[in-house]
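Hi,

Here is the structure I said I'd pass on.

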Amino acid sequence: MQLPVISSDYQHYLQEFEQTILKNHSKIEAWFRSQWKQHQPPFYGSVDIRNAGYKIASIDMNLFPGGFNNLNPNFIPLATIAAQDAVERACETAKSVLLIPENHTRNTYYLQNVYALATILRNAGFEVRIGSFNPELTEATEFETALGDKLLIEPLQRTRERVHLADGFSPCFVLLNNDLSAGIPEILQGISQTVLPPLHGGWTTRRKTHHFEAYNQVAKEFAELLQIDEWQINPYFEQISGLNFQEREGEDALADAVERVLAKIQAKYDEKGITDKPFVIVKADAGTYGMGVMSVKSADEVRGLNRKNRNKMAKVKEGLEVSEVIVQEGIYTYETLNGAVSEPVVYMMDRFVIGGFFRVHEGRGNDENLNAGGMVFVPLNQSIPNAGSTNDSATQEECKRVFEQWDELGMASPDSGNPDCSCNRLYVYGVMARLSLLAASLELAK
């Protein structure tokens, strides 16, 4: 497949890093296998990755991923294998799954995501029904997705310590595709069924800084394993709380944090001989959908924000007020598709990588948030190699069997003899995503 183009100024940095990863392929996979023996991976997740050539890292980890409809349908067999493993790990005797989506049923593209996710689970051999705690949904209702598929969503009910549907459908496993931005509904509190991701993984309690504190631990160990500079794979960050953007409370503390992180980045750029201008991303510490995010190159930019920017930062999804932010090192994206900036988004289920896409935005710069109106998704048309099996040769054989029927796509196994092979970049994406997945497992355990 044709991957995004990397700016020629930084291509050599990326090739050196890819060669390091490829040279240590067996060591990396052995390390991941040992980690998964100690830590349970989240049921699923998606990871946003930024690639500046000299630095490539996860910048966000979503525990309740939408966008399954944007994955290449050719990779459904791999997702099916992963789903079987993930559901059985959640509930060994599971025959059915109760899927709980977001409440915004008017978003037909989101509904297409629910349809795609349900299809993966059904292909894995499970009965799947969709229950909602949306108070506006009072009876079983059929919705039409963006592509015209039909989706039946039924009101969720509760009897004692179990949630169920009107006819008594009440499996041992409840899968959330709702990030709980509006809070944990009473109907789900204290139920006896297994709920994944766990309720404390929702934005009611979860914080991005908690994830990156766990990621610090993972990145440090991985960097020591490969004898590389941890900074290459790990963005600096700070958390600032006590903010009220509308009332300008906490403005000076935020500006000071921006200044500190910019200074750390500049020192590292000077050490590495990088001539880029440092920037940071200020974003809500709890929240999703790319809301409450701004790119900043100077502390002065967060002092005296105009009304438009204060409004933009003050609230996120479900009207949740922003009082805490993460000030995160900005990573330029020097990947472009047809001249538009792009970034890879990698999807995982259990410990398996099941695909991904490039988020592409013609109207945004390489130092801006691409998760915004006007973005488009370009599915990966080649697999990202996995390491979910018990040994490397088994993994390669499994991947080979799964993708034999699509020989025209080619195999995305690492090729150490050809540094320009597109499969190498895909393998690196998969490694970076799994580091974030491992961090999420530590985060949830805490």
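**The disulfide**

One disulfide turns up in this predicted model. The partners are Cys91 and Cys172, with their sulfur atoms 1.9 Å apart. If you turn to the S-S bond of Cys91 and Cys172, you'll find a torsion of about -115°, so this disulfide is left-handed.

Where do Cys91 and Cys172 lie? Cys91 is in the loop between α3 (76-90) and β4 (96-101), while Cys172 is in the loop between β9 (162-164) and β10 (173-177), so the pair ties together parts that are 81 residues apart in sequence.

And is Cys91 buried or exposed? Its relative accessibility is 11%, and since buried means under 20%, Cys91 counts as buried. Cys172, on the other hand, has a relative accessible area of 24%, which makes this residue partly exposed.

The crossing of α2 past α5 is right-handed.

Which residues make the contact? From α2 there are Lys27, Ile28, Trp31 and Gln35, and from α5 there are Val218, Glu221, Phe222, Leu225 and Leu226. Sorted by class, this contact of α2 with α5 has six nonpolar residues, two charged ones and one polar one.

That's what I have for now. Happy browsing!

Notes
Residues are numbered from 1 along each chain as its sequence is written. This is a predicted model: local features need pLDDT of at least 70, side-chain atom pairs count only at pLDDT 80 or more; totals for chains, interfaces and linings use all residues. Side-chain values use heavy atoms; hydrogens and water are left out. A crossing is left-handed if the near helix is turned anticlockwise from the far one by less than a right angle, and right-handed if clockwise. Helices (H or I, at least four residues) and strands (E, at least two) are DSSP runs, numbered from the N terminus. Contact means heavy atoms within 4.5 Å. Ala, Val, Leu, Ile, Met, Phe, Trp, Tyr, Cys and Pro count as nonpolar, Asp, Glu, Lys and Arg as charged, and the others, Gly among them, as polar. A disulfide is a pair of cysteine sulfur atoms within 2.5 Å. Buried means under 20% relative accessible area, exposed over 50%, partly exposed in between (1.4 Å probe, protein chains only).
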